[in-house]
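Please keep the sequence and the model in view while reading.

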Amino acid sequence: MTTSAKKGRELLPEKIYDVLLNLRTAAKVTLHFKDGRVIAGALIFNPFKGTGRLINIDQEQSVDFNVDDIRDIKVAAPEN
């Protein structure tokens with residue numbers, strides 16, 4: 001017997017991929033990584049490679065990632 005349940009609130013890689021495709025134009029997203037990091041910023045995503053970059057210009061930081069590295073995704077509310 002197999003089960004597809006994940007620990008906590010971890011999204012499936014296929015779902016993460018779909019969400020990233022839809023968020024390519026979002027002003028700000030927050031990525032929760034499997035290693036515990038939580039980083040917010042602008043998103044660049046390459047759907048052909050399954051990789052991307054999150055850029056936080058306020059902290060002058062950018063992080064390269066693979067879809068398999070992500071545990072959860074949050075979208076920041078638009079600022080007025």
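Which pattern does the chain follow when read along the sequence? The pattern is α-β-β-β-β-β, and the chain holds 1 helix and 5 strands; helices (H or I, at least four residues) and strands (E, at least two) are DSSP runs, numbered from the N terminus. The model is predicted: local features need a pLDDT of at least 70 and side-chain atom pairs count only at pLDDT 80 or more, while totals for chains, interfaces and linings use all residues. Residues are numbered from 1 along each chain as its sequence is written, and side-chain values use heavy atoms, with hydrogens and water left out.

**Confidence**

- The average pLDDT (the predictor's confidence in each residue, from 0 to 100) is 83 for the chain, and 84% of the residues score at least 70.
- Over residues 1–6 the pLDDT is below 50, and this stretch has 1 contact in the model beyond near neighbours in sequence; contact means heavy atoms within 4.5 Å.

**Burial and the nonpolar core**

- Of the 80 residues in the chain, 31% are buried; buried means under 20% relative accessible area, exposed over 50%, and partly exposed in between (1.4 Å probe, protein chains only).
- The largest nonpolar core has 16 residues; such a core is a set of buried Ala, Val, Leu, Ile, Met, Phe, Trp, Tyr and Cys residues joined through side-chain atoms within 4.5 Å.
- Helix 1, strand 1, strand 2, strand 4 and strand 5 (70–75) each supply at least two residues of this core.
- Among the residues with the most contacts inside the core are Leu20, Phe33, Phe65 and Ile70.
- Isoleucine 70 touches Ile16, Leu20, Leu31, His32, Phe33, Lys34 and Phe65, when residues up to four places away in sequence are not counted.

**Aromatic pairs**

- The whole structure contains 2 aromatic pairs; rings of Phe, Tyr and Trp (its six-membered ring) pair if their centres lie within 6.5 Å, and planes under 30 degrees apart count as stacked, over 60 as edge-to-face and the rest as tilted.
- Tyrosine 17 and phenylalanine 45 form an edge-to-face pair, with 5.5 Å centre to centre and 80° between the planes.
- Because tyrosine 17 lies in helix 1 (residues 13–22) and phenylalanine 45 in strand 2 (residues 38–46), this pair ties together parts that are 28 residues apart in sequence.
- Tyrosine 17 is partly exposed at 26% relative accessible area, whereas phenylalanine 45 is buried at 8%.
- Phenylalanine 33 and phenylalanine 65 are also edge-to-face, at 6.4 Å centre to centre and 65° between the planes.
- This pair links strand 1, which holds phenylalanine 33, to strand 4 (residues 61–66), which holds phenylalanine 65, across 32 residues.
- Both phenylalanine 33 and phenylalanine 65 are buried.

- Asparagine 56 belongs to strand 3 (residues 51–56) and is buried, with a relative accessible area of 12%.
- Asparagine 56 lies 15 residues from glycine 41 in sequence, yet their C-alpha atoms are 4.4 Å apart in space.
- Leaving aside neighbours within four places in sequence, asparagine 56 contacts Ala40, Gly41 and Gln61.
- Threonine 30 is located in strand 1 (residues 29–33) and counts as buried at 18% relative accessibility.
- Not counting residues up to four places away in sequence, threonine 30 touches Val38, Ile39, Ala40, Asp72, Ile73 and Lys74.
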